[in-house]
Amino acid sequence: MGRRAVTLAQDRVRVRVPATEAYLVQRVLDALLREGYLGAGVLVSLPEVDDEQWLDVGARYLPVRPGRFLADWVLRRPAVAVRVSGELRLVEGLDDVLALFTPPDDADVDPDERTGYAAFVDECREAREALDLGERHRTATFDRLVDRHGTAPTGVAGSVYYDALAAHVDHPVYPTARCRHGIAGGALRRHAPEFAPEFALRWAGVPADLAVRHGQLPPWWPTSTQLGLPDGFLPFPVHPLTWHAVELPGGLPSAVPLLRVAPTLSMRTVAPLDHPDVHIKVPLPTSTLGARNRRSIKPGTLTDGAVVQQLLADVLREEPALRARVLLADESTYGHAGHEYLGYLVRRSPAGLDDSRVVTAAALLAETPSGRLVIAELADEFFAGDVLALFEAYLRLLFELHVTLWLRYGIALESHQQNTSLVLTHGRPIRLLYKDNDGARIDPTRLGRVPPVDDQRMLVRDPYELSDLFTAITVHLCAGAPAFGLAERGVAPVDQLLGLVRRCLVEAAAAHDATVLRDRVLDARRLPAKSMVIAGTLRSKARTGATDINKYYGTTSPNYLLPRRT
């Protein structure tokens with residue numbers, strides 16, 4: 001879908017760039033600019049075009065305006081201007097825009113730079129295909145969801161409905177989140193949450209002496225006999241995409257597909273149709289949010305998730321004000337065979353949610369089949385139509401929990417929008433449900449003990465590691481991003497929404513010695529931000545020095561929580 005560059009004076013002959021492609025170009029350029037990949041740039045004027053600001057990044061001119069959410073500058077239109085034979089030309093198509101920034105093929109360029117950028121180009125193209133596919137099938141998907149769930153489903157079973165809606169909302173920061181490396185076309189339609197499919201899991205037998213199992217499996221878990229496996233082999237679930245793409249060492253394939261499931265927002269986590277209170281996480285042969293961010297399952301993450309779950313349960317027992325309002329999924333049942341593609345997690349949701357709405361925070365800004373926002377429909381039912389009242393109730397509990405964990409116990413969770421769910425029940429205050437806690441950071445000194453985690457990167461003693469994770473996940477993704485999103489959708493002015501975020505954070509901090517929170521978050525001139533594209537795809541760990549690509553804070557941004565001077 002390459003587009004030819006044309007002169008700015010020849011707009012009448014330009015080939016129109018599809019809306020989804022223009023949207024992706026905007027996100028990609030914003031990300032490369034935000035993360036510093038294009039360099040600092042120099043502000044210039046291009047009077048032959050307009051009287052607004054342009055950023056010169058090596059004789060390539062970006063039309064910019066001041067940014068506020070995680071960026072000093074953002075594009076005001078998805079395009080790049082270049083001079084060809086002294087004449088300005090506008091480049092708008094994805095392929096041509098990406099070609100403008102390809103590292104030169106010479107000895108002065110790090111080979112890793114060229115390799116990383118080539119991978120990013122492929123990632124962008126796969127994201128474009130996925131976006132186009134999602135848009136083409138959006139109406140059919142929504143019809144299927146309504147037929148299956150109705151328009152206001154309850155319980156954990158209903159959460160899959162909201163996950164499918166959330167899958168149509170892109171990641172607040174990562175520009176090509178729709179890309180699942182190597183999975184496209186029919187494979188996406190049959191297995192990705194934005195298409196609301198159903199499919200059967202495959203199974204493999206693992207010799208009992210190679211298998212490690214922890215916890216109690218559900219009574220409906222398939223038996224070796226049902227799967228046609230010989231004695232001495234234990235059933236392990238295998239995603240169909242993994243089944244066809246990965247050799248499973250030590251695994252004996254079963255010819256019997258068993259257990260119908262639907263994908264959750266995570267895609268590698270699936271919900272059995274007949275047992276919706278239990279989800280099963282299985283490895284996928286792909287990467288998301290970066291080519292290096294593989295969706296396999298390392299055995300240590302299973303044990304670490306269970307350790308942090310127990311740690312959080314211990315904290316909640318000590319915090320009566322939070323105990324009844326924060327819920328934890330049970331992630332203590334799992335199995336692995338010492339291989340990243342032979343493992344599984346059985347996630348059980350708390351009992352008693354059948355009459356509640358269980359909605360991932362990632363779905364709040366999603367559009368429902370009726371064309372309204374999810375948060376607006378929830379506000380109608382639970383907050384007399386007041387969207388800001390719902391948002392405030394969510395923020396208050398969000399910050400009360402995470403500030404307490406950080407400042408009192410030395411724990412910061414990587415509980416982004418996908419891992420945080422709102423639980424709304426008539427006659428009860430809002431609750432939050434948490435899952436997938438293997439990415440936490442813990443200060444053993446403040447906690448008072450050393451938790452037995454497998455991944456030693458989880459144990460930190462630099463207080464800024466906790467504040468950076470708190471800022472990047474709880475503040476940016478769970479509070480700031482939805483605030484800006486609500487403003488973009490006309491719910492309220494952005495300053496009103498950001499003032500609400502700041503007020504709720506200030507109130508949560510009041511019960512603690514919050515010096516580090518004030519210095520690093522509330523009153524800081526700039527805030528740390530993740531360089532997700534650089535760490536995940538563009539550059540190697542050797543180049544970035546990142547020990548964890550999901551916690552690489554390679555840049556900073558203006559503090560949007562500071563009150564604006566008038």
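View 1. Helix H10 is followed by Ala384, whose phi is positive, near 50°; helices (H or I, at least four residues) and strands (E, at least two) are DSSP runs, numbered from the N terminus. This is a predicted model, in which local features need pLDDT of at least 70 and side-chain atom pairs count only at pLDDT 80 or more, while totals for chains, interfaces and linings use all residues. Residues are numbered from 1 along each chain as its sequence is written, and side-chain values use heavy atoms, with hydrogens and water left out. In H10 (residues 374-382), the buried residues are Val374, Ile375, Ala376, Leu378, Ala379 and Phe382, where buried means under 20% relative accessible area (1.4 Å probe, protein chains only).

**View 2. Glu92 in the loop between strand S7 and helix H2.**

**View 3. An open sheet of seven strands.** The strands follow the order S8-S13-S14-S15-S18-S17-S10 with antiparallel pairing, and two strands pair if DSSP finds at least two bridges between them. Strands S8 (199-200) and S10 (212-214) stand at the edges, each with a single partner strand, so one side of each is left without a neighbour in the sheet. Two bridges join S8 to the antiparallel strand S13 (residues 260-263), and Phe199 stands opposite Val261 in S13.

Terms used
Buried < 20%, exposed > 50% of the residue type's maximum accessible area, 1.4 Å probe, protein only.
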